[in-house]
Protein chains: 2
Amino acid sequence: MFNLEQALLYARENQAEFISSLKQFLKIPSLSRDEGDPQAIQQAATWLKQKLSDTGFEKAQIFETAMHPMVFAENLSAGPEALTVLIYGHYDVQSPKPLEDWQTPPFDPTIKGENLYARGASDNKGEVILSISAIESILQAGTLPINVKVLFEGEEEIGSRNMRDFLKTHKDMLDCDFCLNLDGGMAEKDHPGIIYGLRGAVTLILKITGAEKDLHSGLYGGLVLNPIHVLARLISKLQDEQGRIQLPGFYDSVRPVTAKEKELIAQSPKNEAYYLREIGTESLWGDPSIAPLERCTAMPTLDVALFQSGQVKMAIPSTAKAFITMRIVPDQDPDAIYEQLLKFIAENIPDPLTWEIVDHNKGPAVLVNYDTPYVELMSSALEAVWGRPPVFARIGGGIPIVAMLSTELGVDSIITGITLPDDNLHGPNEKIHLPTWEKGLEAVIRFFHSLSAV
Amino acid sequence: MFNLEQALLYARENQAEFISSLKQFLKIPSLSRDEGDPQAIQQAATWLKQKLSDTGFEKAQIFETAMHPMVFAENLSAGPEALTVLIYGHYDVQSPKPLEDWQTPPFDPTIKGENLYARGASDNKGEVILSISAIESILQAGTLPINVKVLFEGEEEIGSRNMRDFLKTHKDMLDCDFCLNLDGGMAEKDHPGIIYGLRGAVTLILKITGAEKDLHSGLYGGLVLNPIHVLARLISKLQDEQGRIQLPGFYDSVRPVTAKEKELIAQSPKNEAYYLREIGTESLWGDPSIAPLERCTAMPTLDVALFQSGQVKMAIPSTAKAFITMRIVPDQDPDAIYEQLLKFIAENIPDPLTWEIVDHNKGPAVLVNYDTPYVELMSSALEAVWGRPPVFARIGGGIPIVAMLSTELGVDSIITGITLPDDNLHGPNEKIHLPTWEKGLEAVIRFFHSLSAV
């Protein structure tokens, strides 16, 4: 067991060192998409493995997958009778584009005021370093009260496509009582949150091809079906003007929110005023009969995230490409939706155009059980630090491993985090709020301390 | 006067030198759009001015405009009683993007077989050098039978936006009996053509802006109107599925083709089989009750040439951009159509999205009088070289100066050219067919020789 005060003191006194370590980590441009440098992904994995070894983990190791490696380590010093937690995080990051919107270079971590700016600062390298720093602080003040396993992946931002296989083939190694997932976020500044529901996703990159090459519109305009027009019409038909998705029976399997959830939503600080402020807009879009928080967490949505075709020249482009993304909810079936989407595409691309799916990804939504002693203890730890109980909520994003752990290992996740709404996840000038990071570190240490009582 | 055989001999013997000069010219990446290097435009103008001076023109000079310079020169040695021709061409080129589709670098002119590959080879640097080479050949074999003025501009590919002002302010300098415009093309390989009609254009770059920054679709999906969706819907509404443009009364002022034109179209080698072959497709698109050649030359068309927004990441993009291009026909009014288009855009972009027109351009279609002695002589010259009379036709592209010369100076143009249908104007691997270039040179020399009889 460890001394709580001593661990918290160590954490406070070593804050600068922890942040210096985080900055090192943030300098590695570990993009998981094609456009990234594969060496950077390897470098980030290697860096993490070394970091874990230095922090008192045993067997820190890298597992190759079909794509980007997993980093795993464990400290089982609490013994076979003790509980085991699996700490999850990811070391891959989203693209920093468009670069011109960044005020400081995305991979040159920069502290301004209370914030540290860099791609990955809050999603999710900040939390990875937080969890390692918590273990380091605890080990400096005694021993771990429970066994700890850590799993950091490099494919979260591309849908954790090799995670399910990895879970299946390493069941014993990953065996645990619950998962601690710090890839969630705060309800608002100074108000912690625990997440019990996540949306799933169905995404695909569609490429439509017309003529073999771009054609001069003066010579051929009027004779050739323009892939931009076809793709624009397809996108328009996929939703009505209110954003309702037009696939047949799409909403049939949407599980309605419960009365208790309606209440949580009504009490949430994430009301209309909150969203207007966060988005910086004068009006929200979407069905006004459904609360904004419900719309973006418990209802499915569709966003075309990329449409790319052509040049600024008088030509009919040969190809057009779109990244079509859907966020789905319980109990929608991602496989069935993906198939419907393919059918819809096939029906809406006339000859002689051809099409292909360049890439795709899908995963279900999930609702985790939050009536567990672990969640109770985390709730208390958060309240001890912030002085108020956490908000329980669903979020609109997805963390693919949560559903996979549930179905493959029967393990529930505690999902919380320290990301603030203005931290610009996936956007330019991503940042982490350092005082909140420090509070999060304290909360995780307190949580571990309280686990000794379970 | 000059000796025809001597001039033709000189032209044949100096072919290699002419092409070497063309290659020098093609090495200058004189893109007229923003993405180009402004120095390259200046360099091309300066190179041309020097070339004209070297070829026996007087007063070769550069006129600055609000954007890219005009190059003008003249040889008035035929005297004030003689006819005067204005030779027109342009030294600016289209963007070479996408670069990866080029088999040889676009600005490293490369001869393979009978073709010379480079951006601008056929549009329009090849013809500029052809006209200069014709004058050089004539001057080596005597004197010019008529006065010659040349005007080469640097903005044809962006709609000749400063040409009208230039014509207005230099009326005396540009005074002439007719214009020789080699920016047309061949009906097919081994079959010359004379163009009597050109489509006009109305184009604009529309930029739609939503939130200040890209937003994580997990956090905000369902609350924010996505600029891609709005732009896709706008584009879909602008045309029906058959491509008919939906602006009110859009077709009312389209001048029907005459019975004589119907006959020309029916006789043209540009029939359905021709277009299927040239485009490399199994079926044409558009109203089957109208002949393909009529559809793409005498009917207005709309092509969105660029749609650009977002990244391959789960985000709602902040902005979306489209280059909307229309080809219009006699007697449509470009100003009225542009205003209608703006109105349509305003009506189809809901709050709180905003929009702006980043750039625009417009010019009318034109039908030139081809019942003139000059056209007759050009027809004979073409027939003398190719052994068959030229095809008279409208084309679907536009050459803005043709209409401007007609309205501002009352001057008709002879529009012909040596570009083959597979020369990939505006596309990758643009080329010029060198044996055809040589024939064109002979035809222009013959044409000048015949002018002495007028």
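Author: Two strands pair if DSSP finds at least two bridges between them; strands (E, at least two residues) and helices (H or I, at least four) are DSSP runs, numbered from the N terminus. This is a predicted model, in which local features need pLDDT of at least 70 and side-chain atom pairs count only at pLDDT 80 or more, while totals for chains, interfaces and linings use all residues. Residues are numbered from 1 along each chain as its sequence is written, chains are lettered from A and ligands numbered from 1 in the order written, and side-chain values use heavy atoms, without hydrogens and water.

Reader: How do you know that strand β1 (residues 58–63) of chain B and β2(B) pair?

Author: β1(B) and β2(B) share 4 bridges, in the antiparallel sense. At least two are required, so the two strands count as paired. One position to look at is B:F63, which stands opposite B:M70 of β2(B). The two strands form a hairpin, with 6 residues between them.

Reader: What else does β2(B) pair with, and over how many bridges?

Author: β2(B) is joined by 5 bridges to strand β6 (residues 147–153) of chain B, and these two run antiparallel. Within that pairing, B:E74 has B:K149 of β6(B) as its bridge partner.

Reader: Why is strand β2 (residues 70–75) of chain B called largely enclosed by the rest of the structure?

Author: Because 6 of its 6 residues are buried. Buried means under 20% relative accessible area, exposed over 50%, and partly exposed in between (1.4 Å probe, protein chains only). On one face of β2(B) the buried residues are B:M70, B:F72 and B:E74, and on the other they are B:V71, B:A73 and B:N75.

Reader: Is B:E294 buried or exposed, and how do you know?

Author: The relative accessible area of B:E294 is 9%. That is under 20%, so B:E294 is buried. B:E294 lies in helix α11 (residues 292–295) of chain B. Leaving aside neighbours within four places in sequence, B:E294 is in contact (heavy atoms within 4.5 Å) with B:V257, B:K262, B:I265 and B:M299.

Reader: What does B:L219 count as, given its relative accessibility?

Author: B:L219 has 30% relative accessibility. This value falls between the limits of 20% and 50%, so B:L219 counts as partly exposed. B:L219 belongs to helix α7 (residues 217–220) of chain B. Not counting residues up to four places away in sequence, B:L219 touches A:Y275 and A:C296. From B:L219 to B:D351 there are 132 residues in sequence and 21 Å in space, C-alpha to C-alpha.

Reader: Are α3(A) and α4(A) roughly parallel or antiparallel to each other, and why?

Author: Helix α3 (residues 38–54) and helix α4 (residues 121–139) of chain A have axes that come within 10 Å and cross at roughly 15 degrees. Axes are lines fitted to C-alpha atoms, for helices over the stretch in contact, and angles run from 0 to 180 degrees between N-to-C directions. Under 35 degrees counts as roughly parallel, over 145 as roughly antiparallel, 65 to 115 as roughly perpendicular and the rest as oblique. α3(A) and α4(A) are therefore roughly parallel. In this contact, A:W47, A:L48, A:K51 and A:L52 of α3(A) meet A:V128, A:I129 and A:I132 of α4(A).

Reader: How do the residues of the contact of α3(A) with α4(A) divide?

Author: There are 6 nonpolar, no polar and 1 charged. Ala, Val, Leu, Ile, Met, Phe, Trp, Tyr, Cys and Pro count as nonpolar, Asp, Glu, Lys and Arg as charged, and the others, Gly among them, as polar.

Reader: What is the relation between α2(B) and α3(B) called?

Author: Helix α2 (residues 15–26) and helix α3 (residues 38–54) of chain B pack at about 155 degrees, with their axes 10 Å apart. The angle is over 145 degrees, so α2(B) and α3(B) are roughly antiparallel. The contact consists of B:S21, B:Q24 and B:F25 from α2(B) and B:A44, B:W47, B:L48 and B:K51 from α3(B). By class, 4 of these residues are nonpolar, 2 polar and 1 charged.

Reader: Which strands form the open sheet of 8 strands, and in what order?

Author: The order is β14(A)-β9(A)-β13(A)-β11(A)-β11(B)-β13(B)-β9(B)-β14(B), with antiparallel pairing. What makes β14 (354–363) of chain A and β14 (354–363) of chain B the edge strands is that each pairs on one side only. The twist averages 20 degrees from one strand to the next. Strand β11 (residues 301–310) of chain A pairs with strand β11 (residues 301–310) of chain B over 5 bridges, in the antiparallel sense. There, A:G310 has B:L306 as its bridge partner.
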